[in-house]
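Dear colleague,

I am handing over the structure below, together with some notes on what was found in it. Please keep it open while you read.

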Amino acid sequence: MHLKILFNYKFYYDHNSDVKSAGRDALEHYFKSGFKENRKFKSDFDIFSIASSFSELGLSPTKKEIVDYIYSSFPSIEFELGDSTTAVFAVESILASQNPSYNDAIFSSLKSFSPPLHSYSFAPSKISRPRINLIVPTIDDAAVYGGIKTAIDFLLWLVENSRDDVDFRIISQNDSNFGVRSMSMLKQYGFTADDPESDLKRSVISGENRDTKYISLRSSELFITTFWATSIALQYGLDRTNVGNVKVCHFLQDFEPNFYAASSSQVLCYSSLMDRRNSIFITNSISLKQFVEAKMEMPADCVAFTPRLNDQLRPQKSHKRENIILFYARKNARNLFDIGKLSLNLFIRDNPDLAAEYTFWGIGDIQGEISLENSQVLKCVGKLQIAEYRELMSRAKVGLSLMHAPHPSYPPLEMAYNGLRVVTNDFDTRRMAGVHPNIASAPYPHPECISKLIAEQCNTAATKGNVAGLPFSGFMAGFEQSDTPFDALKSNASFLKAFNQFLA
């Protein structure tokens with residue numbers, strides 16, 4: 001078996017004179033940008049012939065084992081980026097260039113899931129500064145609801161509490177362009193939309209097409225995942241990359257396997273929680289922590305925090321209350337829109353005189369007018385700006401917000417604090433009764449039960465009025481406080497074990 005060198009520098013410089021003129025390292029340039037630009041390069045050996053030689057001996061080595069063999073057998077080979085991690089990356093890239101179908105079957109299989117799954121491809125970075133990464137579905141203001149905002153708030157808290165030499169990066173899975181709206185919450189912290197291969201101190205990159213477009217990977221990284229699909233993308237990407245000190249924080253704000261009926265997606269969703277390698281689990285409530293621990297036999301170092309009310313949603317001024325029932329209407333299955341709509345119709349049918357005094361508003365992600373019983377209408381206005389949402393809560397008397405999940409949904413809490421008489425429901429470990437004086441919670445979200453609670457809350461609003469600003473208790477105690485919920489994590493041994501190397 002004959003082998004001279006993995007990458008032909010002279011050939012690359014001869015055919016890419018601008019790289020040579022700029023004084024760029026040929027191999028580094030090719031793997032950072034040249035391969036995307038279809039730059040000409042030359043590899044002086046065929047990796048497949050090496051693999052065939054192993055096969056003839058009845059062996060099936062991994063790519064890393066092939067590279068290790070090359071190193072030991074041909075010590076004169078030079079990899080300019082330095083180590084065997086780079087060598088594995090180089091071999092994978094050349095395999096892909098020689099065989100376009102390389103890994104296509106895996107990527108195609110992942111993309112056939114619902115939602116379509118991805119796999120990240122990583123390229124080693126020379127920079128040794130530690131970095132914390134947050135992977136979120138989007139940072140587009142129009143699509144950011146409470147869960148994503150909490151995750152971003154957590155990252156920004158880390159920015160403020162970490163050492164000066166720690167860098168930060170956000171990988172936004174579904175965004176390809178970052179406009180003014182998507183970056184509004186991040187610019188004040190110095191985050192800049194960036195190319196994936198560079199290494200700025202604070203950057204935002206797109207997670208789209210990362211099976212073929214590389215993301216730089218340092219020797220000391222911590223990734224915070226917020227959705228099971230991004231956990232899978234990270235898991236598959238790391239499995240294909242030989243790296244050093246990479247940690248993973250699963251930032252759980254719901255029990256995601258419940259999103260799917262018995263299916264392949266549900267199985268992979270469960271598997272994302274079963275990957276405990278160098279991982280920590282942080283949940284956004286005690287109720288979710290208890291639920292996940294019971295379902296998944298989670299390790300004892302699973303950490304919980306109590307979220308906080310968005311400061312912009314605190315009651316600002318009193319408006320004269322109107323006979324408005326405010327319904328949190330979202331298409332998301334766990335928000336039980338159809339149950340809520342049926343409950344409203346039952347309320348109107350069983351209480352025609354009382355219901356006739358009310359108008360019905362829907363907020364969330366549904367728009368348009370929806371016909372209800374007795375010719376009444378649910379006016380759905382979609383997602384509101386914060387100020388619009390707060391103003392509408394200051395006028396409405398009754399709120400309806402359902403959630404078929406163990407985590408504490410924000411809307412019923414926000415409505416209750418703003419004085420609405422709220423109807424919601426329990427779910428397993430999430431028992432809402434006693435959490436707030438303005439909340440009435442059904443043990444199970446049966447439409448008949450929900451409709452009766454709506455009538456009761458309308459009557460309570462008429463007799464006792466609407467009082468805003470009352471404190472929370474039970475497992476949501478402290479929700480109304482203006483401090484950060486993450487400060488308490490500093491005294492948690494499990495949290496410190498994962499994050500201490502980054503904190504100031």
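Which residues do ring pairs link into a cluster? They are Phe 154, Trp 157, Phe 251, Phe 305, Phe 486, Phe 495 and Phe 499, where rings of Phe, Tyr and Trp (its six-membered ring) pair if their centres lie within 6.5 Å, and planes under 30 degrees apart count as stacked, over 60 as edge-to-face and the rest as tilted.

This is a predicted model, in which local features need pLDDT of at least 70 and side-chain atom pairs count only at pLDDT 80 or more, while totals for chains, interfaces and linings use all residues. Residues are numbered from 1 along each chain as its sequence is written, and side-chain values use heavy atoms, with hydrogens and water left out.

In the whole structure, a search finds 20 aromatic pairs. Phe 154 and Trp 157 form a stacked pair, because their ring centres are 6.2 Å apart and their planes lie at 15 degrees. Both belong to helix 8, 3 residues apart, which is about one turn of the helix; helices (H or I, at least four residues) and strands (E, at least two) are DSSP runs, numbered from the N terminus. Phe 154 counts as buried at 1% relative accessibility, and so does Trp 157 at 4% (buried means under 20% relative accessible area, exposed over 50%, partly exposed in between, with a 1.4 Å probe and protein chains only).

Phe 154 is also among the residues with the most contacts inside the largest nonpolar core, which has 35 residues; such a core is a set of buried Ala, Val, Leu, Ile, Met, Phe, Trp, Tyr and Cys residues joined through side-chain atoms within 4.5 Å. Helix 8 gives the most to this core, with 9 residues.

Best wishes
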